[in-house]
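Here's a walk through a two-chain model, picking out a few spots worth a look. Have the structure open and follow along.

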Amino acid sequence: MNNKIEKIFIAKDIQDKIIADCQKNYPKEACGILAGKAAKAASVYPLVNISDKPEFCYLIDPKEQLKIFKELRAQELDLVAIYHSHTESPAYPSAKDLELAFYPESFYVIVSLADKFNPQIRAFRIAENNVTEVSIRN
Amino acid sequence: MADITINGKKEVLDKNISIAELLKRKNIRPEVVTIELNDNIIERKDYGSVAIKEGDRLEFVYFMGGGSIRRNFYFKR
């Protein structure tokens with residue numbers, strides 16, 4: 001067993017909230033952020049997907065992003081992860097996810113609803129076009 | 001010299017410069033950030049003409065986007 005695999009801690013209730021947000025937005029992609037400390041998510045912020053192709057893209061409104069980031073700073077919380085859903089494809093970063101990954105210090109959480117009755121949630125680091133899967137712990 | 005704040009952290013500029021110059025110094029591509037100056041979002045076209053002054057508060061946020069695998073589509077920004 002490889003003990004060097006990085007971990008992100010997302011409590012079961014937070015995972016359930018992420019998946020519920022993704023299911024609520026289906027067939028559009030959902031998006032949001034997880035806030036907390038270091039690699040431990042403490043709260044989930046579902047955000048509005050303003051993409052003009054929301055069935056297969058997500059775009060977070062920079063105004064909403066600015067507002068949330070200020071709130072996090074005031075609460076001394078960090079951006080732990082950015083999440084979004086893939087409605088038809090696996091929970092793995094797409095070429096577009098790599099191209100638009102500008103927060104290498106953050107985790108990227110992806111929920112696949114390709115099987116709507118069995119959502120898959122996975123987490124990754126994305127840095128300089130390299131994808132590394134991260135273990136999700138409750 | 002100008003004391004400014006970027007994302008809540010104090011920084012000192014050696015002289016008054018434009019937002020475009022600041023981005024260049026920080027090696028940030030203008031097309032991947034949204035910038036707020038003293039609570040007002042600055043249009044990207046104005047980055048070269050807006051000067052940063054003593055006491056200014058800037059917020060930088062990077063683009064957050066992506067999506068599922070459909071290789072023929074890219075964002076228009």
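Start with A:Ser51, which touches A:Cys57, A:Tyr58 and A:Leu59 once residues up to four places away in sequence are set aside; two residues are in contact here if their C-beta atoms, placed from the backbone, lie within 7 Å. This is a predicted model, in which local features need pLDDT of at least 70 and side-chain atom pairs count only at pLDDT 80 or more, while totals for chains, interfaces and linings use all residues. Residues are numbered from 1 along each chain as its sequence is written, and chains are lettered from A and ligands numbered from 1 in the order in which they are written.

A:Ser51 sits in the loop between E3 and E4 of chain A. Helices (H or I, at least four residues) and strands (E, at least two) are DSSP runs, numbered from the N terminus. Is A:Ser51 buried or exposed? A:Ser51 counts as buried because it has 20 C-beta neighbours inside 10 Å. The cut-offs go like this: buried means 20 or more other C-beta atoms within 10 Å of a residue's own, exposed means 12 or fewer, and partly exposed is in between, with C-beta atoms placed from the backbone. A:Glu6 is 45 residues away from A:Ser51 along the chain, and their C-alpha atoms are separated by 31 Å.

Next, the place where the chains meet. Chain A brings 26 residues to the contact and chain B brings 19 residues. On the chain A side, strand E4 (58-59), helix H2 (62-74), strand E5 (78-86) and helix H3 (95-99) each supply at least two residues. H2(A) gives the most to that side, with 6 residues. Sorted by class, the side of chain A that touches chain B has 13 nonpolar, 6 polar and 7 charged residues. For that sorting, Ala, Val, Leu, Ile, Met, Phe, Trp, Tyr, Cys and Pro count as nonpolar, Asp, Glu, Lys and Arg as charged, and the others, Gly among them, as polar.

There's strand pairing across the two chains as well: E4(A) runs antiparallel to strand E6 (residues 65-66) of chain B, joined by 2 bridges. Two strands pair if DSSP finds at least two bridges between them. A:Leu59 has B:Gly65 as its bridge partner in E6(B).

| Strands | Sense | Bridges |
|---|---|---|
| E1(A) and E8(A) | parallel | 3 bridges |
| E7(A) and E8(A) | antiparallel | 5 bridges |
| E1(B) and E5(B) | parallel | 2 bridges |
| E3(B) and E5(B) | antiparallel | 5 bridges |

On E8(A), A:Arg137 is the bridge partner of A:Phe9, and A:Val131 is the bridge partner of A:Ile126. E7(A) and E8(A) make a hairpin with 2 residues between them, and A:Glu128 in the turn has a positive phi of about 50°. How many of the 8 residues of E8(A) are buried? The count is 0, so to speak a strand that is hardly covered. In chain B, B:Ile6 stands opposite B:Leu58 in E5(B), and B:Phe60 is the bridge partner of B:Ile35.

Chain B overall has 1 helix and 6 strands, in the order β-β-α-β-β-β-β along the sequence. Of its 77 residues, 17% count as buried. Among contacts in chain B with a separation of 6 or more, residues 24 or more positions apart account for 59%.

Back in chain A, take helix H1 (residues 12-25). Its 14 residues should span 20 Å at 1.5 Å a residue, and the end C-alpha atoms are 20 Å apart, which agrees. The expected span is 1.5 Å times one less than the number of residues. Which residues of H1(A) are buried? They are A:Gln15, A:Ile18, A:Asp21, A:Cys22 and A:Asn25. These residues lie on the same side of H1(A) because they cover an arc of only 125° around the axis, the arc being that of the directions from the helix axis to the C-beta atoms.

The peptide bond from A:Tyr26 to A:Pro27 is cis, with omega near 10°, and A:Pro27 is in the loop between H1 and E2 of chain A. A:Ala38, in the loop between E2 and E3 of chain A, has a phi near 50°, a positive value in a residue other than glycine. A:Ala38 counts as exposed because it has 9 C-beta neighbours inside 10 Å. A:Glu76 has a positive phi too, near 55°, and lies in the loop between H2 and E5 of chain A. With 7 other C-beta atoms within 10 Å, A:Glu76 is exposed.
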